[in-house]
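This report describes how one protein chain is divided and how its parts meet. Look through the sequence and the structure before reading on.

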Amino acid sequence: MRFDFSGTTPLFRQVAEQLGEAIVSGAFAEGEQVPSTTEISTTYKINPATVLKGMNLLVDQGLLEKRRGLGMFVTAGARRKAGDAKRDEFLTTHVGAFIAEAKRLGIGADELKDIIDRGYRS
C-alpha cells in the first residue's frame with residue numbers, strides 16, 4: 001500500500017480504495033482476513049481511527065465484515081461487487097469525460113469506435 005499524505009484525497013478514503021483494489025485484484029480472497037487496523041496504522045504511520053474509518057467504508061459497502069474478536073474479513077461476493085463498482089465508476093467518470101472531449105474536438109461516434117477498435121487490436 002502507498003499513501004499520499006500531502007494529496008487531496010483523505011487518508012481514510014485512500015485506505016478504503018487500496019483495500020478495495022486489493023479485493024478486486026484477488027490479493028485478498030473472499031473469506032480471507034485483511035490486515036488489522038493496528039497493523040496498517042503502525043506500518044504506515046496512520047492514526048488507527050483513520051484506518052478504521054476507511055475499513056468501515058468497506059463494511060458499509062458490504063466488502064468487509066467484522067468478526068468480533070477476530071478482525072475484518074472479505075465477504076463472499078466482494079470481488080464481484082467491488083469490480084462492478086469500479087466498472088461503474090470508470091464508465092460514469094472516465095468514459096463520459098472521454099466522449100465529451102471527443103465531441104468537443106469534433107470526433108464523431110464512428111471515428112471514435114474505429115479508434116477504440118484499433119486500440120483493442122494493438
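## Annotation

UniProt positions are given here in the numbering used for this chain, and the annotations may be inferred rather than shown by experiment. The model itself is predicted. For residues 9-77, an unreviewed UniProt entry lists "domain: HTH gntR-type". In the model, this span is 52% helix and 12% strand, and its end C-alpha atoms lie 27 Å apart.

## Division of the chain

Two domains are assigned: domain 1 covers residues 11-76, and domain 2 covers residues 79-121. Taken over C-alpha atoms, their centres are separated by 30 Å. Domain 1 brings 10 residues to the contact, and domain 2 brings six residues.

## The interface

Between domain 1 and domain 2, an area of about 630 Å² is buried. Carbon and sulfur atoms give 57% of this area. On the side of domain 1, the most area is lost to domain 2 by Glu21, Val24 and Leu63, which together account for 52% of what that side buries.

## Polar and charged pairs

One salt bridge is found across the interface of domain 1 and domain 2. Glutamate 21 forms a salt bridge with lysine 86, and the closest N and O atoms of the pair are 2.9 Å apart. Three residue pairs are in polar contact between domain 1 and domain 2, counting pairs with both residues at pLDDT 80 or more. The residues of domain 1 that touch domain 2 comprise three nonpolar, five polar and two charged.

Note on methods. Residues are numbered from 1 along each chain as its sequence is written. This is a predicted model: local features need pLDDT of at least 70, side-chain atom pairs count only at pLDDT 80 or more; totals for chains, interfaces and linings use all residues. Side-chain values use heavy atoms; hydrogens and water are left out. Domain bounds come from an automatic or database domain assignment. Contact means heavy atoms within 4.5 Å. Buried area is the accessible area (1.4 Å probe) that two parts lose on being put together, summed over both. A salt bridge is a side-chain nitrogen of Lys or Arg within 4 Å of a carboxyl oxygen of Asp or Glu. A polar contact is a pair of N or O atoms within 3.5 Å; within protein, one must be able to donate a hydrogen and the other to accept it, and residues adjacent in sequence count only if both atoms are side-chain atoms. Ala, Val, Leu, Ile, Met, Phe, Trp, Tyr, Cys and Pro count as nonpolar, Asp, Glu, Lys and Arg as charged, and the others, Gly among them, as polar. Helices (H or I, at least four residues) and strands (E, at least two) are DSSP runs, numbered from the N terminus.
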